[in-house]
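Thanks for coming. I have one structure to go through today, so let me put it on the screen.

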Amino acid sequence: MTWREYHEATKHTPRSVRESPHLLDWASMPDPFRHFEGVPVLDLPADPPPPETPRAELPDQDGAHFLSQLFFYSAAISASKLSPAGRRYALRVNPSSGNLHPTEFHFVTTGLRDWPDGLYHYRPSSHMAEQRAAGNFPLSSAAVHLILTTIEAREAWKYGARAWRYCLHDAGHAWQCVTLAAEAMGFTVSAIGEFEDDQIAQLCQLPDDERPLLQLAIQQATQRPTFAHFGHLARTRRSALDFEGGEQSISLLQLTAILQCATQPLQADFAHAPLISLFLYVHRVEGLAPGVYRYVNGAPELLIPGDQRVMAAALSLGQNVAGNASVAVSMIADLDLAAALFGDRGYRYAHFEAGAIGQRLYLGAAAQGLGATGIGAFYDEEVHRFLGLTPAQGQVVYHFAIGYPVPDTRLQA
Ligand SMILES: Cc1cc2nc3c(=O)[nH]c(=O)nc-3n(C[C@H](O)[C@H](O)[C@H](O)COP(=O)(O)O)c2cc1C
């Protein structure tokens, strides 16, 4: 199946949603934690300090402390929830559709102090590193080189054929989780999407159900981190279950800060030109009249005036978050441009970019004292029709909502 056929086949329509059985077999819910058994498991120091002060040269750092800090603020467990049935489940720094966590974090280290060179898998359940092979793995010159993989079956359990889209988004989120954590520690991350999947899968000795999506090379840098108090933001970020409705507005300044942070240029071998543009459903922003805006060159341009709360919720499969938010977002991808630039691979890259923007929206909102929620479920063609987009003008790939979150009583630190 081509990416175009896949995309068409996995669009939500009122009919497809109505006719979908929506039956989840909880007895066969996939385990969101993969453990590689029978290999040495190396401790990462518990509770590493927040990465507020840029550090020294990477190879000179204590390897275990560096890795502990990197993963604690990008991929570790950061909270838990108690379900109404009394079952406790873990939440992580990186968000994930349905909390199913298809993304796994593998990494290769070279020349870290007091840390054996080798191929590792991060074990979030106990914040440890599984040493899957010792020795030299010439993936890049980086001292730490991550390979983000995906286990599609975890998502398919809930989302069926549409699962691949979610896997790609999740990887985009994870990419920025690592990027922003590394940045707070004084490093940059270059993402690599162009590689032979089979070759990397073989090199990383991946099980058959796991596919490589992105490689991340961690490099020296001197640039200023995007966020103050990053450690706290990263570990307390949560998806809002719903937002306070009513009249309370966010300010235009807050919205501008969030959008600026979300649309920073990305560092990747596929980041030639932005593939995603943002359409904003402004519900309650002081200084900006309600309506739908296109976000162009850092400024909102009015497209459709008037209150769109009902429409925003309806387009997101009737989810209240999109209507009760202060602002909802449609991310529109130029999939034709992606394909022209990168062939079949472009489909992945557009979704990675959407996930990356989403992660920056989460943290940008948190930095403003607000909440956010990624929304992977929407009526594709209805969104296009409402926004007046022809297929050549773009396809919706992701929704988002930002606002004042309602307290979540199930949440536990
Ligand atoms: C790609 C993606 C799609 C999501 N789609 C929805 C959605 O449609 N509705 C919703 O309420 N939450 C959605 N979420 C939020 C997840 O449910 C949430 O990330 C997960 O439960 C983990 O919670 P946390 O973000 O607080 O760690 C989505 C998250 C991601 C990353």
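This is a predicted model: local features need pLDDT of at least 70, side-chain atom pairs count only at pLDDT 80 or more; totals for chains, interfaces and linings use all residues.

Between domain 1 and domain 2 there are five salt bridges.

Polar contacts next. Counting pairs with both residues at pLDDT 80 or more, 22 residue pairs are in polar contact between domain 1 and domain 2. On the domain 1 side, the elements that give two or more residues to the face touching domain 2 are β2 (77-82), β3 (88-92), α5 (163-184), β8 (187-192) and β9 (211-220). Of these, α5 has the largest share, with 12 residues. Sorted by class, that side of domain 1 has 21 nonpolar, eight polar and seven charged residues.

Now the domains themselves. Domain 1 covers 31-220 and domain 2 covers 239-412. Taken over C-alpha atoms, their centres are separated by 26 Å. In terms of contacts, 36 residues of domain 1 meet 33 residues of domain 2. The area buried between domain 1 and domain 2 is about 2800 Å², and carbon and sulfur atoms give 51% of that. Which residues of domain 1 lose the most area to domain 2? They are H169, H173 and W175, which together make up 20% of what the domain 1 side buries.

Let me move from the interface to the whole structure. In total, the structure holds 17 salt bridges. One of them joins the side chains of R34 and E210, at 2.8 Å from N to O.

Last item, the aromatics. A search of the whole structure gives 19 aromatic pairs. Why is the pair of Y281 and F386 called stacked? The ring centres of Y281 and F386 are 6.2 Å apart and the planes are at 10°, so the pair counts as stacked. For that label the planes have to be under 30 degrees apart. Here too the pair links distant parts of the chain: Y281 belongs to strand β11 (residues 276-282) and F386 to helix α13 (residues 380-387), 105 residues apart.

That is what I have; questions are welcome.

Notes: Residues are numbered from 1 along each chain as its sequence is written. Side-chain values use heavy atoms; hydrogens and water are left out. Domain bounds come from an automatic or database domain assignment. Contact means heavy atoms within 4.5 Å. Buried area is the accessible area (1.4 Å probe) that two parts lose on being put together, summed over both. A salt bridge is a side-chain nitrogen of Lys or Arg within 4 Å of a carboxyl oxygen of Asp or Glu. A polar contact is a pair of N or O atoms within 3.5 Å; within protein, one must be able to donate a hydrogen and the other to accept it, and residues adjacent in sequence count only if both atoms are side-chain atoms. Helices (H or I, at least four residues) and strands (E, at least two) are DSSP runs, numbered from the N terminus. Ala, Val, Leu, Ile, Met, Phe, Trp, Tyr, Cys and Pro count as nonpolar, Asp, Glu, Lys and Arg as charged, and the others, Gly among them, as polar. Rings of Phe, Tyr and Trp (its six-membered ring) pair if their centres lie within 6.5 Å; planes under 30 degrees apart count as stacked, over 60 as edge-to-face and the rest as tilted.
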